[in-house]
Amino acid sequence: MTARSKSVVSDAEQVQLAAELARLGARLQVLETETNLSRERLLRLYKEVRGESPPKGMLPFSTDWFMSWMPNIHASIFMNIHGYLVRHTSAKGIRAVIRAYKLYLEHVQLNDLEKVLSFTRAWSLGRFFEGKMLDTAACKSCGGKYVVHAMDLHKDYECGLCNVPSRAGKTKKRAAAEALKAPARTVAPIAMPVPAGFLLGAAMSTKRSKRVAVALAD
Ligand SMILES: [Zn+2]
């Protein structure tokens, strides 16, 4: 392959990646970080895909958001899926984040849960793990792996599902009430010794199993 045709292929891949990120609702900063396309091109592409200009301003996210009750459960589901993909498939980097996020969306839909993690949140979560600011710890009661601050002590860690704080869901009453009313649905995905495997197993036990299996195999 000549240098010229190679760069055309690479450029097409970058455009395809940027478009996929925009479709998933990623902020412009994510596209800028993950591709080497100019800001001008990304802006045009974003507008074409989303039909509107990207929101202005910096990414407002801090690690603390992932520690509140409901976000922590969803962040943990996402990181379990992501970890499983990285260990058992060839997916790496941003491709692994995209595939994990799509599986997270399927999981949320199949279990009638509220989508708590946006793509940009999920992407930030991955960056916080890379930066060793966040980590996972095993719950002493259920054995599930949950997102925690890397610097904290986790010897007697108990997750938010085994030890529901009294204030849980005060701000998101409906979501909390639903989660508590249907504990089997909410607890089961991560209250297992092999949470990621179970998550994916649950995702595959439906009529959509073929598509998920194909997504995992390629
Ligand atoms: Zn637990």
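Predicted model: local features only at pLDDT ≥ 70, side-chain atom pairs only at ≥ 80, totals over all residues.
Q: Why is H5 called oblique to H6?
A: H5 (residues 93–110) and H6 (residues 119–130) pack at an angle of about 135°, with axes 10 Å apart. That angle makes H5 oblique to H6, because angles under 35 degrees count as roughly parallel, over 145 as roughly antiparallel, 65 to 115 as roughly perpendicular and the rest as oblique.

Q: Which residues make the contact of H5 and H6?
A: H5 brings Ile94, Val97, Ile98 and Tyr101. H6 brings Phe119, Ala122 and Trp123. Contact means heavy atoms within 4.5 Å. By class there are seven nonpolar, no polar and no charged residues. Ala, Val, Leu, Ile, Met, Phe, Trp, Tyr, Cys and Pro count as nonpolar, Asp, Glu, Lys and Arg as charged, and the others, Gly among them, as polar.

Q: What makes H4 oblique to H5?
A: The axes of H4 (residues 69–88) and H5 come within 9 Å and cross at roughly 130°. H4 is therefore oblique to H5. Their crossing is right-handed. Among the contact residues are Phe78 and Ile81 of H4, and Tyr101 and Leu103 of H5. The residues of this contact divide into twelve nonpolar, three polar and one charged.

Q: How do you know that H4 and H6 are roughly perpendicular?
A: Their axes cross at roughly 70° and come within 11 Å. H4 and H6 are therefore roughly perpendicular to each other. This crossing is right-handed. Ala75, Phe78 and Met79 of H4 meet Ala122, Leu125 and Phe129 of H6. The contact of H4 with H6 has six nonpolar, no polar and no charged residues.

Q: What are the protein donors of the zinc ion?
A: They are Cys139 (SG), Cys142 (SG), Cys159 (SG) and Cys162 (SG), 2.3 Å from the ion. Donors are N, O and S atoms within 2.8 Å of the metal (3.2 Å for Na, K and Ca). Along the chain, the zinc donors follow the spacing C-x2-C-x16-C-x2-C.

Q: Why is the zinc site called tetrahedral?
A: The angles among its four donor atoms are 104 to 114°. The site is therefore tetrahedral, because four donors count as tetrahedral if all angles lie between 85 and 135 degrees.

Technical notes
Residues numbered from 1 in each chain as written. Heavy atoms only, no water. Axes fitted to C-alpha atoms, helices over the stretch in contact; angles between N-to-C directions. Helix = DSSP H or I, 4+ residues; strand = E, 2+ residues; numbered from the N terminus. Tetrahedral: all angles 85-135°; square planar, octahedral: opposite > 155°, others 65-115°. Left-handed = near helix turned anticlockwise from the far one by under 90°.
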